[in-house]
Amino acid sequence: MTAGPVPGAAPPLLRVSGVRKAFGDHVVLDGLSLDVHAHRVVVLIGASGSGKSTLLRCVNLLEEVDDGTIEVEGRDVTDPRVDADRVRARIGMVFQSYNLFPHLRVLDNVALAPRLVHGASRAEARDRALAMLERVGLAGKARAFPDELSGGQQQRVAIARALVGRPALMLLDEVTSALDPELVGEVLELLADLKEDGVTMVVATHEMGFARHVADEVCFLHAGRVHERGTPEQVLGDPQEPRTQEFLRRFTAR
């Protein structure tokens, strides 16, 4: 189910059109289409293997699509002539695992991308990194190494690192799945704050409470397609598709 364009509305920041991706004989994305408008939070839900992570990796050009197109800010980023590094400079991606450099202090982890990707001076990069660490509540940990932080703190550093380049679009892939339950809340609270700041996000998650309270739109993925989409109230509160209903029953039965 895909909503049509709204007359007079601004074009979407992200447009995924008929994307297909297979690994061997296994089709993961099967003609998937999705629009994401600026300053909106779109949450992807669905069982493992439904295509959520693969979709995010395709948007960030970590995987090549077999068919279809992906446009970011009106530009076809699946064009083989595109500069992938320039595209990724406009996209921040945060993974399940924090992927911080263990030999670098927190400040240097966050300051690395402004220097190497955006060409900032060392002083400017450190200033931007410190400001972003302040934003995520970790300025006091700037001199720490990653293994001196809790999992929740490490994930917040990873989010700061993704944000420091001022991306147009944030992609977050199950960012709480590797955390102990007591640490999940601090990361979800940060994402809620980013929504209030108008950050455009596509979030793959199993956290239904987060989807219900923060998402502008929820998309249920099944068999590599957007099977049902709508407001959190519609999809989570009154799903119309039997597959969506079946999936959500797993959470209400807990």
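The dialogue below takes up the annotation, the cores, the helices, the pocket and the backbone in turn.

Student: What kind of model is this, and how are its residues numbered?

Tutor: This is a predicted model, with residues numbered from 1 along each chain as its sequence is written. Local features need pLDDT of at least 70 and side-chain atom pairs count only at pLDDT 80 or more, while totals for chains, interfaces and linings use all residues; side-chain values use heavy atoms, with hydrogens and water left out.

Student: Which residues does the UniProt annotation cover?

Tutor: UniProt positions are given here in the numbering of this model, with feature names shortened, and annotations may be inferred rather than shown by experiment. The unreviewed UniProt entry gives "domain: ABC transporter" for residues 14-248. That span is 37% helix and 25% strand, and its end C-alpha atoms lie 27 Å apart. Helices (H or I, at least four residues) and strands (E, at least two) are DSSP runs, numbered from the N terminus.

Student: How many residues has the largest nonpolar core?

Tutor: A nonpolar core is a set of buried Ala, Val, Leu, Ile, Met, Phe, Trp, Tyr and Cys residues joined through side-chain atoms within 4.5 Å. Buried means under 20% relative accessible area, exposed over 50%, and partly exposed in between (1.4 Å probe, protein chains only). Here the largest core has 53 residues, and those with the most contacts inside it are Ile45, Leu133, Ile159, Met170, Leu172, Leu191 and Met201. Helix H6 (residues 181-196) gives the largest share of this core, seven residues. Another core, of 31 residues, lies apart from it and includes Leu14, Leu34, Val59 and Ile70.

Student: What does Ile159 contact, sequence neighbours within four places left aside?

Tutor: Contact means heavy atoms within 4.5 Å. On that basis Ile159 is in contact with Val94, Met170, Leu172, Val187, Leu190, Leu191 and Leu194, leaving aside neighbours within four places in sequence.

Student: Is Val157 buried or exposed?

Tutor: Val157 counts as buried because its relative accessible area is 1%. This residue is in helix H5. Not counting residues up to four places away in sequence, Val157 touches Leu100, Val106, Val110, Leu133, Leu138 and Leu149.

Student: Which residues of H3 are buried?

Tutor: In H3, they are Val106, Leu107, Asn109, Val110, Ala111 and Pro114. Their cover includes helix H4 (122-135) and H5. Helix H1 (residues 52-59) is mostly covered, with six of its eight residues buried.

Student: What is the volume of the largest pocket?

Tutor: On a 1 Å grid over the protein atoms alone, a pocket is an open set of points where a 1.4 Å probe fits, with protein on both sides within 12 Å along at least five of seven lines; lining residues have an atom within 4 Å of a point. Grid points are joined across faces, edges and corners, and a volume is the space filled by probe spheres set on the points. The largest pocket has a volume of about 640 Å³. Of its 26 lining residues, Met93, Ala113, Val117, Arg161 and Ala162 are the closest to its centre. Helix H2 (84-88), strand S6 (91-94), helix H3 (106-116) and helix H5 (151-163) each give two or more residues to the lining.

Student: Where is Glu73 found?

Tutor: Most residues other than glycine have a negative phi. Glu73, in the loop between strand S4 (67-72) and strand S5 (75-76), has a positive phi of about 55°. Glu73 counts as partly exposed because its relative accessibility is 42%. Ala223 also has a positive phi, near 55°, and lies in the loop between strand S9 (217-222) and strand S10 (225-230).
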